Amino acid sequence: MKRVNIKRAGSYLLLFVATIPLGAYSLEYCGSTPVRPLPHPIVLRPNGCSFKDFGSPHGRSLAILAREGTENWTTNVLPPNVGDPCFLTFGNGTWDVGLVNSGTIDGSAGRTLEMYEQCPDSRKHEADILVAVDLDFNQADQRRFARTGSVGIGRHALLHEYGHAVGLEDVDDDFAIMRRSTGIGAPMGGHTNSGSPHYFMADDYEGLFRIRGSLARNPNFYVTSQVVLNNGALRNASDNPFTGTPMPDPLPVNTGDIIFFNAGAGVHDWFGRKIELRAYADSSTECTSLPDVGVTLGVATMLMPFFATASGVMNVKIPPLGPSGQVLNVHLAGTLIPLPNDTSSEKRGWDDCATTALRLKAP
Amino acid sequence: MRKWRVLAMAASVGVLACRGEGGVQFPGDTTGIIRPQALDSLAAVVRQLNAIILADLRDISTDYENCEGPRTVLHFGNVQSLLGMSHTDTLQLRVFGGPLPQNRYVVDSKSPRYALGGKYLLFLFNTDWRFSPVISDHAYRVEMAAGKEVLIAPNGHAVTGVSPLGVETQTRLLFIPNGLPGVGEIRVSPSQKTQFVPCQVNPDGTSRCPQLPVDTQPPREPPAPVLWTPEPPNREDVVRTLKITDLVAKIDSVAQAIGVTPGGYFAKRSRLECWNVQPTREPTQ
């Protein structure tokens, strides 16, 4: 065979090998492997029909996703190509992100299609993230709970679906981005020290840790809150759990009334913390963990192990609230209390606060 | 040499073609399509309700068609319509997800998983759909807990009521759901076929179905025993839970309140876009 023909045959061979579908050489068999291996790095490709740039509210939502990806996984979000057609292909090995009509995803707020090399939980070949286009993609309203239709629910849904893409599953009884997105289990807009409510939380981090086996830098403490009327029932919003109807807003209360207030906190890292939660009422909508702000409603102290979220009902007796008819916002401020053997220097740096959906009207 | 060149080019083009299959439109009859609307409230669910059925999950199989894609086929028997349209005694629901011909496996993050042999209360769409004829995760497994009939949602919690946002499941975790957060602990069966066990028939003609310990879309095994498992339900856990008739009555009340009569259209198969093409949108805001 002539040398030139060998060269040509080699070129054809290379061309052929290059067109073999991705992943064909990297099968991982089902069986005893207790993790879901992921590509490294993950490359997410925003559909240019849905995302024009990173500056719009939708594009900023992508930037959040990229930030969380960078924190927890090597995730590269490619710049959108505005020349993209208005569809994306599932099954081509590319991890796509797109906005769709909710009718395209059976009415849900978001949906992630995942493809594995073999059976579920084997190596992930591809994940396409689809989020309803009509959601609100602005930053969430301060630190309130996100619910269907609220500001920021689009960013929340996008991050939730990204969680699915990297292997997290829905949860219902923890404070987490992966909290189920339907009904009363609407994802919540808890808060970390950064000022943005769109973060993975303790339960998410624990899941990521189990998948990845290591954690990048992440905020380590957050506070959140929910409102209940009967002890033990968890409420995301100011709905009356007995009737399902919204409670009056603001809620008229009398001095000495008892209200139940479900408060929660989470620790994102390996170090256990003692946390003091102070519920207080204040005319300002801004929440702060500084002491002596507003009228204290109640204080609870809890000891948190690593990677934990905890919630409990604070039984609050309404104190005098000032001028009659005054409307006060209820906040929940958290302060880390150093343990005797805790020598880290970050204690005050991560103190956090959450604004609830509850407003009180002074008698 | 020209022959080899043509053959090599043809092989390459052929491989590329295999990677880019699919089209935007569904190739079958798409007349009169009704697209689902956003499920952002309980009223939105009730408006799109064809029926609430109670049925036994007797078998699970898988299927694949080019446009419909991988499907997990749920074979229900003893079907009773408790609200809305009447359905036949047996019903097959084709839920998105399952094995692909090229040995890959597709999963949809939002579809509930089902336990073979379970009795289910299902909310069915009165619109067309792409992923499941069951509305969102409204697939409740009927279980006995602390001596009481309870409805277990796919999340492992029991139904306690309804609110404007949806069906509430405000109990602690009573049964292990379809996988735990973190998923690292979920083990996969070495043999997929072992989970596709059809029901047997008892001598008296009644069905005898294997009871899987977890809600599952096959093939999965329960989480490894080193992990946390819920305490068995006690009486306190089920004080506020609803029975089948309670939930159906509440949904009926909602329907009456918003002037809707459940029923009408039912699509047995997906008629919307093919599985591998997702039409995207440009945001308007």
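Author: Let us begin with strand β6 of chain B, residues 119-125, where 6 of the 7 residues are buried, so that this strand is largely enclosed by the rest of the structure. A residue is called buried if 20 or more other C-beta atoms lie within 10 Å of its own, exposed if 12 or fewer do, and partly exposed in between, with the C-beta atoms placed from the backbone. Strands (E, at least two residues) and helices (H or I, at least four) are DSSP runs, numbered from the N terminus. This is a predicted model, in which local features need pLDDT of at least 70 and side-chain atom pairs count only at pLDDT 80 or more, while totals for chains, interfaces and linings use all residues. Residues are numbered from 1 along each chain as its sequence is written, and chains are lettered from A and ligands numbered from 1 in the order in which they are written.

Two strands are said to pair if DSSP finds at least two bridges between them. Strand β1 of chain B, residues 49-65, pairs with β6(B) in the antiparallel sense over 7 bridges, and here Ala51(B) stands opposite Leu124(B) of β6(B). β6(B) also pairs with β7 of chain B, residues 134-145, again antiparallel, over 4 bridges; in this pairing Leu121(B) faces Tyr140(B) of β7(B) as its opposite residue.

Elsewhere, strands from both chains take part in an open sheet of 7 strands with mixed pairing, in the order β2(A)-β1(A)-β4(A)-β6(A)-β5(A)-β5(B)-β4(B). Its edge strands, each pairing on one side only, are β2 (75-77) of chain A and β4 (98-99) of chain B. β4(B) is joined by 2 bridges to the antiparallel strand β5 of chain B, residues 105-108, with Pro99(B) standing opposite Tyr105(B) of β5(B). Helix α3 of chain A, residues 153-165, packs on this sheet and touches β4 (95-100), β5 (110-116) and β6 (124-132) of chain A. The direction of this helix makes about 165° with that of β6(A), where axes are lines fitted to C-alpha atoms, for helices over the stretch in contact, and angles run from 0 to 180 degrees between N-to-C directions. Contact means that the C-beta atoms of two residues, placed from the backbone, lie within 7 Å.
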